[in-house]
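Here is a note for a colleague who is meeting this structure for the first time. Please read the points below beside the sequence and the model.

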Amino acid sequence: MKAAIIKTDYNCSVVDFEPGKSAKMIREAVGGLYDCISLSSTRDMWINDEGKILELPFNAMATAMFHKAFQTDDYIAGDVVITGGVDDEGYTLGLSDEDVQFFTDLFEKLDKAINEYNEEEKEKV
């Protein structure tokens, strides 16, 4: 199964995880205790439960997704994991093939934009 990890430093990736072992993967990715925000029936966002208390960095991409799903001015702090929804028994599902492609394309575009920006900044020096 696959999940998307959205980091505050924009070093994002799509990762594999084993069925029944999502808790370990999520805990490691978000850096501690976690909570789930259901963005839709097919996408869950897993966040560090104490992200704001621990003053983790603002996550712009995750916050944009959160704002799109909910009308709020709240924000997401720290790295997040995006998985599929849950099955009939409440177990975490991996991302659909369509969502894997969406996040893969998004992360490639983001990486390209960051690299181009860094190259332009080097030329200015």
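How exposed is Glu119? At 43% relative accessibility, Glu119 counts as partly exposed, a class that lies between buried (under 20% relative accessible area) and exposed (over 50%), with a 1.4 Å probe and protein chains only.

1. Basis of the note. This is a predicted model, in which local features need pLDDT of at least 70 and side-chain atom pairs count only at pLDDT 80 or more, while totals for chains, interfaces and linings use all residues. Residues are numbered from 1 along each chain as its sequence is written, and side-chain values use heavy atoms, with hydrogens and water left out.

2. Overall architecture. The protein has 3 helices and 5 strands, which are DSSP runs numbered from the N terminus (helices being H or I of at least four residues, strands E of at least two). Along the sequence they follow the pattern β-β-α-β-β-α-β-α.

3. Dimensions. The radius of gyration is 15 Å, which agrees with the value near 14 Å that a compact globule of 125 residues would have; this radius is taken over C-alpha atoms, and the globule rule is 2.2 Å times the number of residues to the power 0.38. The C-alpha trace spans about 55 × 35 × 30 Å along its principal axes, and 35% of the 125 residues count as buried.

4. Phe103 lies in helix H3 (residues 97-124) and, at 0% relative accessibility, counts as buried. Leaving out residues up to four places away in sequence, Phe103 touches Ala4, Ile6, Val14, Arg43, Met65, Ile82 and Leu95, where contact means heavy atoms within 4.5 Å. One of these partners, Ile6, is 97 residues from Phe103 along the chain, yet their C-alpha atoms are separated by 9.6 Å.

5. An exposed leucine. Leu33, in the loop between helix H1 (22-30) and strand S3 (34-38), is exposed, with a relative accessible area of 57%. Its contacts, apart from neighbours within four places in sequence, are Ile47, Asn48, Asp49 and Glu50.

6. Salt bridges. A search of the whole structure finds 6 salt bridges, each defined as a side-chain nitrogen of Lys or Arg within 4 Å of a carboxyl oxygen of Asp or Glu. One of them joins Asp16 and Lys2, whose closest N and O atoms are 2.6 Å apart; because Asp16 lies in strand S2 (residues 13-16) and Lys2 in strand S1 (residues 2-6), the pair ties together parts that are 14 residues apart in sequence. Another is formed by Lys52 and Asp74, at 2.4 Å between the closest N and O atoms, and this pair links the loop between strand S4 (44-48) and H2 with the loop between H2 and S5, 22 residues apart.

7. A pair within one helix. Glu119 also meets Lys122 in a salt bridge (3.7 Å, N to O), and the two are separated by about one helical turn because they are 3 residues apart in helix H3. Lys122, at 58% relative accessibility, counts as exposed.

8. Asp79, in the loop between helix H2 (60-69) and strand S5 (80-83), is buried yet has no salt bridge, the nearest side chain of opposite charge being Lys7 at 4.9 Å; here Lys and Arg count as positive and Asp and Glu as negative, with His and the chain ends not counted. A polar atom of the Asp79 side chain does, however, lie 2.8 Å from the backbone nitrogen of Thr8.

Methods
A polar contact is a pair of N or O atoms within 3.5 Å; within protein, one must be able to donate a hydrogen and the other to accept it, and residues adjacent in sequence count only if both atoms are side-chain atoms.
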